[in-house]
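I opened this model to look up a few things. My notes follow in the order I made them.

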Amino acid sequence: MTHAMLKGSNVPLQATTVRAVLRWTPGSGAPDIDASALLLGPDGRVRSDEDFVFYNQPRHPSGQVWRLGKKRVAEGLTDTIQTDLSRVEPSVGRILLVASADGATFDRVRSLRILVHDAASADAEPLAYFDVKPETGQETALICGELYRRGDGWKFRALGEGYSNGLKGLATDFGISVDESEGADDPLSAPRSEPTFPPAQPGPAQTAPAQPASAPPSVGPEQPTTVQPLPGASRPLPPEQPAGVPAQPAYGYPQQPPATQPAYGYPQPAGAPGYGYPQAPAPAPAAAAGAQSGYGYPQPVTAAPDPDFRMPPQGPQFVGR
């Protein structure tokens with residue numbers, strides 16, 4: 001897990017050999033950056049000038065702290081200090097990790113970051129990283145972080161403390177003697193070695209470090225919440241019917257007139273056919289008011305009497321009776 005560090009925070013280190021990588025983005029007017037380290041004793045100062053590892057003195061005499069040099073990577077340029085924590089002399093309690101700008105101030109340096117890696121896992125994600133922000137922008141040297149003992153182990157602390165009098169002023173504050181007299185044999189006063197930039201080695205695609213569980217998540221603008229409608233809620237209800245308007249028919253079925261279904265076997269009122277059978281034409285009104293219709297059957301239509309109608313001759317059995 002990669003820890004995103006805030007200024008003043010610390011993280012324990014389980015690795016025995018670590019690489020502290022300074023990374024920045026080059027650009028027009030941006031100075032070149034150098035990584036260096038100071039090994040401090042119990043009093044918080046160097047024990048001798050040999051405790052200063054920098055571009056003109058790239059390796060500590062103990063062989064446990066050394067400068068790897070600069071490289072070009074996809075994100076920009078890097079300069080690296082490597083330390084074997086398991087073999088650092090017991091009298092060394094702190095190792096300062098420093099960035100210095102050559103001939104300009106840090107307000108011109110973009111995206112300065114220090115990353116701490118386990119040197120045994122070259123392709124693994126960094127153990128921690130810290131984005132270094134100068135406080136005034138006029139600094140020419142920055143203590144980006146420090147490795148320090150805690151009990152039997154080591155920790156890394158993010159610092160970001162700046163100096164406006166450059167690497168010499170910072171080194172002097174921690175006990176390095178600087179002789180600026182002409183002809184003095186002083187590594188710090190000697191001309192700065194010209195940097196070289198080996199080409200970046202092909203490797204897996206770089207990915208952004210994961211956020212630590214202890215760091216607060218990044219909060220973006222709040223997104224509007226989309227409410228999903230309940231099933232069936234998208235169909236609007238039918239409007240209420242005003243008084244005097246017939247009610248809406250039931251959904252999906254042909255409707256029958258609201259007449260009451262007559263009992264089986266009786267003549268049907270007009271417009272109300274019997275259920276399931278073809279219907280005969282409705283009977284005409286009876287000719288006489290007192291005429292009775294046949295029970296249960298529709299009656300034939302009765303025509304008006306013919307005035308010229310005569311009974312046929314009757315047989316002899318009906319004559320004289």
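I started with Ala 101, which counts as buried because its relative accessibility is 13%. Buried means under 20% relative accessible area, exposed means over 50%, and partly exposed lies in between, with a 1.4 Å probe and protein chains only. The model is predicted: local features need pLDDT of at least 70, side-chain atom pairs count only at pLDDT 80 or more, and totals for chains, interfaces and linings use all residues. Residues are numbered from 1 along each chain as its sequence is written, and side-chain values use heavy atoms, with hydrogens and water left out.

I placed Ala 101 in strand 8. Helices (H or I, at least four residues) and strands (E, at least two) are DSSP runs, numbered from the N terminus. Next I listed what Ala 101 touches, not counting residues up to four places away in sequence: Pro 31, Asp 32, Ile 33, Phe 106 and Thr 140. A contact means heavy atoms within 4.5 Å. I also checked Asp 34, 67 residues from Ala 101 along the chain; the two C-alpha atoms are separated by 6.6 Å.

**Asp 131**

I looked up Asp 131 in strand 10 (residues 128-131). Asp 131 counts as partly exposed because its relative accessibility is 31%. The C-alpha atom of Ser 111, 20 residues away along the chain, is separated from that of Asp 131 by 7.3 Å.

**Whole chain**

I counted one helix and 12 strands in the protein chain. Of the 321 residues, 33% count as buried. Among contacts with a separation of 6 or more, 67% join residues 24 or more positions apart. The chain exposes about 21,500 Å², and carbon and sulfur atoms supply 55% of that. These areas come from the Shrake-Rupley method with a 1.4 Å probe.

**Helix 1**

Which residues are buried in helix 1? I noted Gly 166, Leu 167, Gly 169, Leu 170 and Ala 171, within residues 166-173. Their cover includes strand 4 (33-40), strand 5 (52-53), strand 8 (94-101), strand 11 (141-150) and strand 12 (153-163). After helix 1 comes Gly 175, with a positive phi near 100 degrees.

**Cavity**

I found one cavity of 30 Å³ or more. A cavity is a set of points on a 1 Å grid over the protein atoms alone where a 1.4 Å probe fits but cannot get out; lining residues have an atom within 4 Å of a point. The largest cavity holds about 30 Å³ of space. Its lining is Ala 20, Leu 22, Ala 35, Ser 36, Asp 79, Ile 81, Leu 97, Val 98 and Ile 114. Strand 3 (17-25), strand 4, strand 7 (76-84) and strand 8 each give two or more residues to this lining.

**Confidence**

I checked pLDDT last; it is the predictor's confidence in each residue, from 0 to 100. The chain averages 75, and 59% of the residues score at least 70. Over residues 199-247 pLDDT stays under 50, and the model has 24 contacts there beyond four places in sequence. Residues 286-291 are also below 50, with one contact beyond near neighbours in sequence. Where pLDDT is low, the predicted coordinates should not be read in detail.

Notes:
1 Å grid on protein atoms, 1.4 Å probe; cavity = no way out; pocket = protein on both sides within 12 Å on 5 of 7 lines; lining within 4 Å. Points joined across faces, edges and corners; volume = space filled by probe spheres on them.
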